[in-house]
Amino acid sequence: MEKSIESIWKKGFINQEALVAPKINALYEKKSINFVDKFIRDFKINLWAIGVFAFGPLFLGLVGNVLGLGMILSLSLWYLVYYGQKKLKVLKGLEKTNTSYDYIKQFDGWLKNTINGYTKIYRFVYPLVLIISTLCVWETFLKQEIINHYDSASLIWGIPKMGLIMVAIGAVLLSVFARKIYYFDMNLVYGSQFKKLREMIAEMEELRNEE
Amino acid sequence: MSSDFYTTYIQPHSGIIIKICRAYTNTQEDFEDYYQEVCLQIWRSKDNFQQKSDWSTWVYRLAVNVCLTLLKKKKNNVQNFASDYLPPEMEEESKAFQDEDLSLLYDAIRKLSEIDRAIILLYLEEKSYQEIAETFNATSNNIGVRIKRIKERLKKLLHGKVN
């Protein structure tokens, strides 16, 4: 005899086993692991991008006949990649067998530590990028013209004193504001993930407090 | 989420939440994730409940919305999730119910569009056309016609095993 969908529905749910709810536990277990996994993926892509981008100064240095300067810039960028790789190893070693809250707090600690480490490095890298870029432009395009136009008294190593002072001030400012610049940069790339992390931790803490 | 909140406000409606989550998932793992996410969303949004409707209606709407959102997210990652084709291994896993007919009916419901799934679930839960219409901002007549079409489609999907 044919049945109706209504009768199948009713009959099927007479059996209460069909309505057994899953246990509400480890609510964030998967979420926290997925979150960190996604961060690792993005972080790796970012490191790869920096690693590839670092060939740029080397190439430009070669073309502009300032290979030494290009190499310094490339090496400093590759150091950023090296540091990131080292940190990535630590991140991958985080203990997943802990509770999801502990896991995400460990990750948060790692993130703060990594950002602090990078901030210290960027205090040197940002000014270095400015100084070396200026030197490259000066050496490749402006050197001869400047020497012809300025009298030697207003030049130091063939560079106008005023220009040197401006670059020096710029370098100092970059070093002083390295943290802010780096945070701005990080927020552009990982802003939404950081927001999610803060929300997740706040929610997990609220959940823990209510238990 | 306190166990009190779960026991008082969620557990009495766990049946409908389970039925909804089953209709939007193909595996036990997904089902558990969706169920937990719905519970979490109810807890998160509890302060937004304005008593304009019953708590149960509110829970129902929220559960459907959460499932649709999760499905959308999943669709971005996995293709063909809600299509007429289910990979054999998923089809196998979808047999979550001991009752074979119910299992087949669920498989057929999963092949409906997301909104049709929500409508037919309400219909099967014996909500009136008026209530369903209010939930979907439609008229009772439209809902009636739509339900008729959904039932015909289900009949086809079940190869005429139902009337």
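**Close-up views of a predicted model**

**View 1. Packing of helix 7 (residues 114-124) of chain B against helix 8 (residues 129-136) of chain B.** In this predicted model, the two helices pack at an angle of about 150°, with their axes 10 Å apart. Helix 7 of chain B is therefore roughly antiparallel to helix 8 of chain B (angles over 145 degrees count as roughly antiparallel). Helix 7 of chain B contributes B:Ile115, B:Ala118, B:Ile119, B:Leu122 and B:Tyr123 to the contact, and helix 8 of chain B contributes B:Tyr129, B:Ile132, B:Thr135 and B:Phe136 (contact means heavy atoms within 4.5 Å). By class, this contact has 8 nonpolar, 1 polar and no charged residues.

**View 2. Surroundings of B:Cys39.** B:Cys39 is in no disulfide, and the nearest cysteine sulfur, that of B:Cys21, is 7.6 Å away (a disulfide is a pair of cysteine sulfur atoms within 2.5 Å). Over all chains, the structure holds 0 disulfides. B:Cys39 counts as buried, at 0% relative accessibility (buried means under 20% relative accessible area, with a 1.4 Å probe and protein chains only).

**View 3. A:Ser32 in helix 2 (residues 29-53) of chain A.** A:Ser32 is buried, at 0% relative accessibility. Beyond its neighbours within four places in sequence, A:Ser32 is in contact with A:Ser100, A:Tyr103, A:Ile104 and A:Met200. The C-alpha atoms of A:Ser32 and A:Lys96 are separated by 9.7 Å, although the residues are 64 apart along the chain.

**Notes.** Residues are numbered from 1 along each chain as its sequence is written, and chains are lettered from A and ligands numbered from 1 in the order in which they are written. Local features need pLDDT of at least 70, side-chain atom pairs count only at pLDDT 80 or more, and totals for chains, interfaces and linings use all residues, while side-chain values use heavy atoms, with hydrogens and water left out.

Technical notes: Axes are lines fitted to C-alpha atoms, for helices over the stretch in contact, and angles run from 0 to 180 degrees between N-to-C directions. Helices (H or I, at least four residues) and strands (E, at least two) are DSSP runs, numbered from the N terminus. Angles under 35 degrees count as roughly parallel, over 145 as roughly antiparallel, 65 to 115 as roughly perpendicular and the rest as oblique. Ala, Val, Leu, Ile, Met, Phe, Trp, Tyr, Cys and Pro count as nonpolar, Asp, Glu, Lys and Arg as charged, and the others, Gly among them, as polar. Buried means under 20% relative accessible area, exposed over 50%, partly exposed in between (1.4 Å probe, protein chains only).
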